[in-house]
Amino acid sequence: MPKFTGSYQHALDQKNRLFIPAKLREKLGDEFYSYIPINGTPCIMLFSEEKLDEMLAKLKTRYDGEQLSRAIRKTLGNTHEVAVDKQGRITLKAEFCKRAQLDGVAQINGVADLVEIWKPADTDAEEALDDDFSDWDY
């Protein structure tokens with residue numbers, strides 16, 4: 001599974017088209033998925049079909065019966081296929097942009113096995129958190 005890194009800011013146009021940097025596009029491929037988390041996290045995630053399969057398998061280990069059916073329906077209902085246009089842009093669903101509170105500019109972050117798209121002010125607030133990683137060796 002590809003590893004995504006880096007942080008980028010790009011404009012989001014009135015048609016909800018967003019440029020995805022070449023380094024991320026190469027790893028995502030020509031077609032991939034956008035997802036708005038069902039737990040309420042205000043971001044949009046981009047990931048491969050392999051990652052989607054992994055998410056569904058994880059749901060099956062966590063839930064069963066009708067709860068599993070609802071979790072799968074909600075997850076797949078909040079997942080949409082996207083394709084990259086000739087300018088390196090994707091079109092995000094208007095509903096996703098609204099839920100992620102995107103307005104004119106987006107922060108695009110590589111986060112291990114997926115890409116996250118945030119409102120820049122939200123990522124600035126997260127950066128300001130006083131987490132102590134002083135015991136981290138790298």
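I note here that the model is a predicted one.

**A lysine on the buried list**

I then looked for a partner. The side chain of Lys 51 meets that of Glu 54 in a salt bridge, 3.1 Å from N to O. Both residues belong to helix H2; being three residues apart, they are separated by about one helical turn. Glu 54 is partly exposed, at a relative accessible area of 37%.

Which residues are linked with this pair in a network of salt bridges? I traced the network through Lys 51, Glu 54 and Asp 113.

**The sheet**

I then turned to the strands. Six of them make an open sheet, in the order E1-E7-E8-E4-E3-E5, and the pairing is antiparallel. Which strands stand at the edges? They are E1 (7-11) and E5 (79-83); each has a single partner strand, so one side of each is left without a neighbour in the sheet. On average, neighbouring strands here are turned by 30° against each other, direction ignored.

I took one pair for a closer look. Strand E3 (residues 31-35) pairs with strand E4 (residues 44-47) in the antiparallel sense, over three bridges. Within this pair, Tyr 33 has Phe 47 in E4 as its bridge partner. Helix H2 (residues 49-62) packs on the sheet and touches E3, E4, E5 and strand E8 (114-118). The direction of H2 makes about 115° with that of E4.

**Helix H3**

I repeated the helix checks on H3. It has 13 residues and reaches 18 Å from its first C-alpha to its last, close to the 18 Å expected at 1.5 Å a residue. Leu 68, Ala 71 and Thr 75 are buried in H3. Seen down the axis of H3, the buried residues fall within an arc of 65°, so they too line one face of the helix. These buried residues pack against E3, H2 and E5.

The face of H3 turned away from the buried side carries the exposed residues Arg 73 and Lys 74. I looked up Lys 74 on its own: its relative accessibility is 52%, which counts as exposed. Where along the chain is Pro 37 relative to Lys 74? The two are 37 residues apart, yet their C-alpha atoms are separated by 9.3 Å.

**Other salt bridges**

How many salt bridges does a search of the whole structure find? I counted six. Side chains of opposite charge can pair when their charged atoms come close.

One of the six joins Asp 13 and Arg 17, at 2.6 Å from N to O. Asp 13 is partly exposed at 25% relative accessibility, and Arg 17 is partly exposed at 24%.

Another joins Asp 85 and Arg 89, with the closest N and O atoms 2.9 Å apart. Asp 85 has a relative accessible area of 27% and is partly exposed. Arg 89 is partly exposed as well, at 21% relative accessibility.

**A loop asparagine**

Last, I looked up Asn 16. It lies in the loop between E1 and strand E2 (17-19). Is Asn 16 buried or exposed? I noted it as buried, with a relative accessible area of 16%. Leaving aside neighbours within four places in sequence, I found Asn 16 in contact with Ile 90, Thr 91, Leu 92, Lys 93, Ala 94 and Cys 97.

Terms used:
Residues numbered from 1 in each chain as written. Predicted model: local features only at pLDDT ≥ 70, side-chain atom pairs only at ≥ 80, totals over all residues. Heavy atoms only, no water. Pairing = 2+ DSSP bridges. Helix = DSSP H or I, 4+ residues; strand = E, 2+ residues; numbered from the N terminus. Axes fitted to C-alpha atoms, helices over the stretch in contact; angles between N-to-C directions. Contact = heavy atoms within 4.5 Å. Buried < 20%, exposed > 50% of the residue type's maximum accessible area, 1.4 Å probe, protein only. Salt bridge = Lys/Arg side-chain N within 4 Å of Asp/Glu carboxyl O. Expected span 1.5 Å × (residues − 1). Arc of directions from axis to C-beta.
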